[in-house]
Amino acid sequence: MTVSELSPALASSAMTDPFGRRISYLRVSVTDRCDLRCFYCMSEDMTFLPKADLLTLEELDRLCSAFIAKGVTKLRLTGGEPLVRRNVMGLVRSLSRHLKTGALKELTLTTNGSLLSKYAAELADCGVKRINVSLDTLDPAKFRTITRWGDLSKVLTGIDAAQAAGLAVKINTVALKNMNEHEIPSLVEWAHGRDMALTLIEVMPMGDIGEGRIDQYVPLSLLRTRLAGQFTMTDLPDDTGGPARYVRVAETGGKIGFITPMTHNFCESCNRVRITCTGTIHTCLGHEDASDLRKPLRASADNDLLNATIDRAIGLKPKGHDFIIDRRHNRPSVSRHMSVTGG
């Protein structure tokens with residue numbers, strides 16, 4: 001649906017950035033906390049935000065609803081690990097009212113899967129149709145190494161529960177040099193064998209994790225060449241407005257997505273913005289841009305100030321990111337951790 005096809009009230013409030021991209025996808029971090037410590041995402045001794053700094057669930061609901069009123073049709077809850085937030089299912093259930101009205105086309109979340117067995121059925125009951133599960137290996141020992149203390153069996157049990165509840169599952173895998181790069185073909189076969197798509201992601205230089213990124217980074221162009229030696233892959237025209245480029249694998253019938261922030265700037269069709277659990281909006285993952293939405297949210301019971309602040313932030317959205325791995329100083333491109341921004 002184009003802006004011109006919307007109702008007059010909604011068309012006047014629909015968000016379009018300076019480059020003509022309509023913003024229809026919102027990713028919201030409900031917490032910066034996580035029950036794992038993946039070594040490419042966090043340092044082992046993370047200092048998390050004081051709980052008093054976080055938006056309340058009621059404030060998150062109001063903020064999301066304001067964006068939905070301004071034309072957001074897809075909403076993804078993230079973290080950290082969103083399911084560790086106390087009473088988070090109350091937020092999910094409340095937001096599901098927008099699915100019933102048709103204002104929101106999709107409500108989904110990204111999770112590490114450790115708590116899925118507890119919440120999968122309720123997520124489905126709230127109208128969630130599909131989820132993304134972050135999983136980088138099927139080797140229990142390697143899983144514990146990557147996550148520092150995670151239990152792979154809990155994640156696999158969670159995936160079982162999600163599929164039993166009728167949720168479509170997509171696996172997100174970060175490609176890690178000398179860690180899981182040679183396991184990718186078996187991950188493809190496993191995911192496709194369970195009717196799950198698999199998306200491969202390059203390491204992103206975000207936040208100080210206590211070690212360098214250079215030793216972790218492997219370009220997906222290299223992995224795609226390796227996969228082409230084993231699988232017959234055909235490019236797909238899928239355009240979700242997101243960063244992934246998809247292929248169909250003839251041997252399995254499944255899809256592989258490639259997200260390449262380091263080797264390919266995927267910003268030309270970006271339709272998304274991110275909000276942190278403290279109410280900061282980032283219109284680009286790869287920039288330090290930030291606008292505070294918490295202050296106008298709390299300043300007034302109506303949304304006039306909030307809407308004006310959102311409009312100003314969208315008006316500053318950059319054309320594209322400029323991720324680099326600083327090989328001279330071994331520093332991240334962006335100082336904030338992915339767990340704070342929202343995955």
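1. α3 and helix α5 (residues 116-125) pack at about 15° with axes 10 Å apart, so they are roughly parallel to each other. Here "roughly parallel" covers angles under 35 degrees, taken from 0 to 180 degrees between N-to-C directions, with axes as lines fitted to C-alpha atoms over the stretch in contact. Helices are DSSP runs of H or I with at least four residues, strands are E runs of at least two, and both are numbered from the N terminus.

2. A word on the basis: this is a predicted model, where local features need pLDDT of at least 70 and side-chain atom pairs count only at pLDDT 80 or more, while totals for chains, interfaces and linings use all residues. Residues are numbered from 1 along each chain as its sequence is written, and side-chain values use heavy atoms, leaving out hydrogens and water.

3. The α3 and α5 crossing is right-handed (the near helix is turned clockwise from the far one by less than a right angle). M89, V92 and R93 of α3 meet Y119, E122, L123 and D125 of α5, with contact meaning heavy atoms within 4.5 Å. By class, these residues are four nonpolar, no polar and three charged.

4. On α2 (residues 57-69), the partner is again α3 (residues 88-95), at an angle of about 30° and with axes 10 Å apart. That angle makes α2 roughly parallel to α3. The crossing is right-handed, and the contact joins L57, L60, D61, C64 and S65 of α2 to V88, L91, S94 and L95 of α3. Six of these residues are nonpolar, two polar and one charged.

5. Do have a look at α8 (residues 184-193): seven of its ten residues are buried, so the helix is largely enclosed by the rest of the structure. Buried means under 20% relative accessible area with a 1.4 Å probe, counting protein chains only. The residues concerned are I184, P185, L187, V188, W190, A191 and H192. Their cover includes helices α7 (152-164) and α9 (220-228), along with strands β5 (168-174), β6 (197-201), β8 (245-249) and β9 (255-259). Just after α8, D195 takes a positive phi of about 65°.

6. Finally, the whole chain. Its secondary structure comes to twelve helices and twelve strands, and 55% of its 343 residues are buried. Of the contacts with a separation of 6 or more, 72% are between residues 24 or more positions apart.

Definitions and conventions. Angles under 35 degrees count as roughly parallel, over 145 as roughly antiparallel, 65 to 115 as roughly perpendicular and the rest as oblique. Ala, Val, Leu, Ile, Met, Phe, Trp, Tyr, Cys and Pro count as nonpolar, Asp, Glu, Lys and Arg as charged, and the others, Gly among them, as polar. Buried means under 20% relative accessible area, exposed over 50%, partly exposed in between (1.4 Å probe, protein chains only).
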